[in-house]
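Please work through the exercises below with the sequence and the 3D view at hand, trying each task before reading its solution.

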Amino acid sequence: MGDFMSEDRMRAVTEAAADIAGALPGFKPRALVVLGSGLGAVVDALDRRAEVPFADVRGMAASAVAGHSGRFVMAYAGDVPVLVSVGRLHLYEGHPSDTVVLPLRAARAMGASVLVATNAAGGVSDRVRPGDLVMLSDHLNLTGSSPLLGPNLESLGERFPGMADAYSARLRTLASERASELGLELVEGVYAGVLGPQYETPAEVRALVAAGADVVGMSTVHEVIAAVHAGMECLAFSAVTNMAGTAGGHEEVLETGARTAERLGVLLTDILARL
């Protein structure tokens, strides 16, 4: 049974990769960039060549979350080819983890060796404020699940991947250097990934601070786990859109994310062109 399940899961990856690649034959991305809530404008800083909606890719579904347009864009940052996921699917929408990380695995099958993930996040520690860009150095997976559940996909990676260096020291150094050169302030911090979709209570925020988190959100950790399993380097950024545990809603997240997207786009385009 395990072998059959593994074959079905890998077939889904192969089919998704073929559907995405069909939009621009011969395109081999060096990196996958995942854009979070309100951050879709980042793709405007890239040289776009082709795109395909999530719903046209086998195994995917249209995004049902405001701020996530739900499409793949094949683009270039300088001479570097990148596949951009404008929006993502979430566990809280009812999707299984295999579907949530399917873009990552499809990009890997297309040749990508780097994941650059972004998200809109709530600040929990006193080190961050709304409008800050936070480069992730570590995470807490508090979703209660993992994309590695079930039979291992041997063709992607080993059964028990180490997560001690999930966020590439090489890429974090590059990002810090480029941010400094561009005059952009960059905070380094720990991301707590939770299931959602409800926002956090004040008591939950206090618990997250005690656990060592700086920001909290409802994505990214599964993508990073799947990327590490597949042997990819990871770099991730949170745009702090609000302080968690306070009044406010998704509209505030989208509005602040949109204001942060321009700075993030400048930084990501510079980094991607140097991969």
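**Exercise 1.** Is Asp 44 buried, exposed or partly exposed?

*Solution.* This is a predicted model, in which local features need pLDDT of at least 70, side-chain atom pairs count only at pLDDT 80 or more, and totals for chains, interfaces and linings use all residues. Residues are numbered from 1 along each chain as its sequence is written, and side-chain values use heavy atoms, with hydrogens and water left out. Buried means under 20% relative accessible area, exposed over 50%, and partly exposed in between, with a 1.4 Å probe and protein chains only. Asp 44 has 48% relative accessibility, so Asp 44 counts as partly exposed.

**Exercise 2.** Find the salt-bridge partner of Asp 44, and state how accessible that partner is.

*Solution.* A salt bridge requires a side-chain nitrogen of Lys or Arg within 4 Å of a carboxyl oxygen of Asp or Glu. Arg 48 forms such a bridge with Asp 44, their closest N and O atoms lying 3.5 Å apart. Arg 48, at 43% relative accessibility, is partly exposed.

**Exercise 3.** Describe the pairing of Arg 11 with Asp 8.

*Solution.* The closest N and O atoms of this salt bridge are 2.7 Å apart. Both residues belong to helix H1 (residues 2–21), where they are three residues apart, about one turn of the helix; helices are DSSP runs of H or I with at least four residues, numbered from the N terminus. Arg 11 is partly exposed at 42%, and Asp 8 is partly exposed at 45%.

**Exercise 4.** Which residues are linked with Arg 9 in a network of salt bridges?

*Solution.* The network links Arg 9 with Asp 98 and Arg 105, while a search of the whole structure finds 14 salt bridges.

Note on methods:
Helices (H or I, at least four residues) and strands (E, at least two) are DSSP runs, numbered from the N terminus.
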